[in-house]
Amino acid sequence: MAHYATLSMVKQRLRVEDTTLDDELSGYIDEIDTYINRKLRKTLGFRNEYGDDISLPLTTSTIPKLTYDLNTVANDLVVGKFRHETTADSALWDKADKELEEYLANEFGWGSSGAFKMNPSITFTPTSGSAGAT
């Protein structure tokens, strides 16, 4: 199964080198994968605007693709969850969760009737007056 977070990056951010935490961190990675998939499903729905199925988890070959930004957010979520569980400090988790919400809104736009549509690019061209005038 593909993961959104990377164990080596999580260990680097936690400044952990030994392998005794690998199983525990892998458990956190699995939990974050499930969490991100739920958020993606809520945002994207099951089909895109053309009626094609949206496969989860995202990978480098799915449409939409797994991006470096989502991988970074997933690593932050794992670190935040680990810190929250071990020290009861939720600041990193809250920050990473907010970053995930912002990523989903910026990357995928909004969902409608189970299909996602991208945020439209709107260009304003004045029909009279100079371009700098409002």
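Helices here are DSSP runs of H or I with at least four residues, strands are E runs of at least two, and both are numbered from the N terminus.

Some ground rules: this is a predicted model, where local features need pLDDT of at least 70 and side-chain atom pairs count only at pLDDT 80 or more, while totals for chains, interfaces and linings use all residues. Numbering starts from 1 along each chain as its sequence is written, and side-chain values use heavy atoms, with hydrogens and water left out.

## The span of α2

α2 has 23 residues, which at 1.5 Å a residue should span 33 Å. The expected span is 1.5 Å times one less than the number of residues. The end C-alpha atoms of α2 sit 32 Å apart, so the two values agree.

## How α1 meets α2

Two packed helices are described by the angle between their axes and the distance between the axes. For α1 (residues 7-14) and α2 (residues 22-44), the angle is about 110 degrees and the axes are 10 Å apart. That makes α1 roughly perpendicular to α2. The label covers 65 to 115 degrees; under 35 counts as roughly parallel, over 145 as roughly antiparallel, and the rest as oblique. Axes are lines fitted to C-alpha atoms, for helices over the stretch in contact, with angles from 0 to 180 degrees between N-to-C directions.

On the α1 side, L7, V10, K11 and L14 make the contact, and on the α2 side D22, L25, S26 and I29 do. Contact here means heavy atoms within 4.5 Å. Sorted by class, the contact of α1 with α2 has five nonpolar, one polar and two charged residues.

## Positive phi without glycine

R15 isn't a glycine, yet its phi is positive, about 55 degrees. R15 sits in the loop between α1 and α2 and is exposed, with a relative accessible area of 73%. Exposed means over 50% relative accessible area, buried under 20%, and partly exposed in between (1.4 Å probe, protein chains only).

A88 is not a glycine either, and has a positive phi of about 65 degrees. Look for A88 in the loop between α3 and α4 (91-108); at 64% relative accessibility, A88 counts as exposed.

## Cis prolines

A cis peptide bond joins L56 and P57, with omega about 5 degrees. P57 is in the loop between β1 (47-48) and α3 (68-87). I63 and P64 are also joined by a cis peptide bond, with omega about 0 degrees, and P64 lies in the loop between β1 and α3.

Key. Nonpolar A, V, L, I, M, F, W, Y, C, P; charged D, E, K, R; others polar.
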